[in-house]
Amino acid sequence: MATSTSSLTQRPAWRALGAHYQKIKDVHLRQLFADDPKRGERLVVEDVGLYFDYSKNRVNEETIRLLVALAEECGLRARIEAMFGGEKINVTEKRAVLHVALRAPREQSILVDGENVVPKVHEVLDRMADFANRVRSGGWKGHTGKRIRNVINIGIGGSDLGPVMAYEALRHYSQRDLTFRFVSNVDGTDFAEATHDLKAEETLFIVSSKTFTTQETMTNALTARQWALKQLGNEKAVAKHFAAVSTNGQEVAKFGIDMANMFGFWDWVGGRYSMDSAIGLSTMLAIGPDNFRAMLAGFHAMDEHFRAAPFNKNLPALLGLLGVWYNNFFGSQTVAVLPYDQYLKRFPAYLQQLTMESNGKSVTLEGAHVDYQTGAIFWGEPGTNGQHSFYQLIHQGTKLIPCDFIGFCKTLNPLGEHHDLLMSSLLAQSEALAFGKTAAEVKAEGTPDWLVPHRVFEGNRPSNTILIERLTPEVLGKLVALYEHAVFTQGVIWNVDSFDQWGVELGKVLARRITPELQPASESPLSHDSSTNTLIRRYRKLKGNTK
């Protein structure tokens, strides 16, 4: 573990990387491939069903050697073991970080404060499976005796982004006579649109909130309760139309939810690492317990690979270290995640929370201000949509944007030539980004001189390509764990706490203060800055205007 804010930049491997960067920064990928014709066969890692091609990165074997040396100097191996061993590596909240326990096999032992937590994990999973089977089979009946046909997950942040991403990613495996919707935004429109065509007697709400006090989630949950009772007319109906994912039994019972339908998790599960906990109840309802357990097995396979593989053949470690290379030496600000599968349309949004809430930090574990860049901005859209949107900037803009391409060799929906066209686009884009098109090549096509500069592609834009046979529940687990552990790797290098999120607190506190001040009749004295005070008065005036 680093001991001071300057220790990272003073490390021998960091300084060696800085010197190496000066030698390689102007070397074009065209040259790297010309000098090593088999580069595309060598700079790959294939393990746990993923084929990871990192040959189109602005690196050579010395780069990888130095990045691995940096990981070793920063104690990555020891930090991995500390996480898997249940140590309290979330230092600001004094908590263990054990999302890996959520997907551990029954026979495994993972200790927290001397207690094996794996049996408790499987106890909850078994209860979830029983509940899911009853709902999916029609055995679970609503208050009026009708079967449940609609499931609405109410949560926010990790209690929404993971479940909605997983549902969209695995929709092919979902039970199609059930409708799934997700409400997260406190904007009433989100709830109104999710319920406008549904009947309460056929609807089950899952309220996902660890504390059962999260403002946005509980506002939506109370609105859902009112909506259901308006149609069903009996307080006892709540027990048949609501389930809870929470640790606050008192508040859950007060809400009217049967405690048998409360599914808990633990303080060593961070929100953005919780989609494979009880937070994934909606996922299990959609795809069934067997597919959910297959997803957990995929998570576990990547966990074991991350824990055991040498760093130069370690998928998450390499992905994370390449991110450090571009973020800290090339000065790139963002990473584009480009899944060439429509089912993964929400995957980039999911990664935004995973990566930016984890490593969007500016102080070290010891509380000293960093003197280097930390977390990058993650964004992206599925191919081929992005090609007709933002790829222009990636190809010919002034920003260096490393890209992760994700593709599947077999489609779940074979329709004519669709999949070959999709995958040819993925391969073409990574090739074009790497090698571009020179002025000489453009001229040789007969382009007039005045147009040549506009049609030149500089190339030398780095990318990773992840190829997988087919998108399955198991593969989704592997992909999510891949990025989880890449984020962890970067957090260790940057010496930040990847598992707290104090940056979300201040806005919440101020919002609670402002809420009563927004009423038109409010006489609360305003003591904000002049901008906020004026905006509040403007809001009051327009809200209270009856014209």
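1. Where is Leu518 found, in a helix or in a loop? Leu518 sits in the loop that runs between helix H22 (505-514) and helix H23 (530-544), where helices (H or I, at least four residues) and strands (E, at least two) are DSSP runs numbered from the N terminus. The model is a predicted one, in which local features need pLDDT of at least 70 and side-chain atom pairs count only at pLDDT 80 or more, while totals for chains, interfaces and linings use all residues. Residues are numbered from 1 along each chain as its sequence is written, and side-chain values use heavy atoms, with hydrogens and water left out.

2. Leu518 is partly exposed, with a relative accessible area of 22%; here buried means under 20% relative accessible area, exposed over 50%, and partly exposed in between (1.4 Å probe, protein chains only). Leaving aside its neighbours within four places in sequence, Leu518 is in contact (heavy atoms within 4.5 Å) with Ile536, Tyr539, Arg540 and Lys543. For Leu518 and Arg540, the C-alpha to C-alpha distance is 5.8 Å, although 22 residues separate them in sequence.

3. The largest nonpolar core holds 129 residues, and those that touch the most other members are Trp268, Leu285, Trp325, Phe347, Leu479 and Tyr483. A nonpolar core is a set of buried Ala, Val, Leu, Ile, Met, Phe, Trp, Tyr and Cys residues joined through side-chain atoms within 4.5 Å. Helix H21 (residues 473-494) gives the most to this core, contributing 13 residues. Apart from this core lies another, of 25 residues, with Leu198, Leu229, Ala237 and Val252 among them. Not counting residues up to four places away in sequence, Leu285 touches Phe131, Ala132, Val135, Arg136, Val151, Leu178, Phe180, Leu204 and Ile206.

4. Two packed helices are described by the angle between their axes and the distance between the axes. Helix H6 (residues 76-84) packs on H21 at an angle of about 125°, with the axes 10 Å apart; axes are lines fitted to C-alpha atoms, for helices over the stretch in contact, and angles run from 0 to 180 degrees between N-to-C directions. H6 and H21 are therefore oblique to each other, given that angles under 35 degrees count as roughly parallel, over 145 as roughly antiparallel, 65 to 115 as roughly perpendicular and the rest as oblique. Their crossing is right-handed, a crossing being left-handed if the near helix is turned anticlockwise from the far one by less than a right angle, and right-handed if clockwise.

5. From H6, Leu76, Arg79, Ile80 and Met83 meet His485, Phe488, Thr489 and Val492 of H21. By class, this contact of H6 with H21 has five nonpolar, two polar and one charged residues, where Ala, Val, Leu, Ile, Met, Phe, Trp, Tyr, Cys and Pro count as nonpolar, Asp, Glu, Lys and Arg as charged, and the others, Gly among them, as polar.

6. Helix H8 (residues 158-169) and helix H16 (residues 347-359) pack at an angle of about 150°, with their axes 9 Å apart, and are therefore roughly antiparallel to each other. H8 passes H16 in a left-handed crossing. In this pair, Gly158, Leu161, Gly162 and Met165 of H8 meet Phe347, Ala349, Tyr350 and Gln353 of H16, and the contact comprises five nonpolar, three polar and no charged residues.

7. Some backbone values deserve a check, since most residues other than glycine have a negative phi, and most peptide bonds are trans. The peptide bond from Gly383 to Thr384 is cis, with omega near 5°, and Thr384 lies in the loop between strand E11 (377-379) and helix H17 (391-396). Lys94, which is not a glycine, has a positive phi of about 55°; Lys94 is placed in the loop between H6 and strand E3 (111-112) and counts as exposed at 63% relative accessibility. Asp113 likewise has a positive phi, near 55°, and belongs to the loop between E3 and strand E4 (115-116), where Asp113 is exposed with a relative accessible area of 65%.

8. His419, in helix H18 (residues 418-435), is buried with a relative accessible area of 13%. Not counting residues up to four places away in sequence, His419 touches Phe408, Cys409, Lys410 and Thr411.
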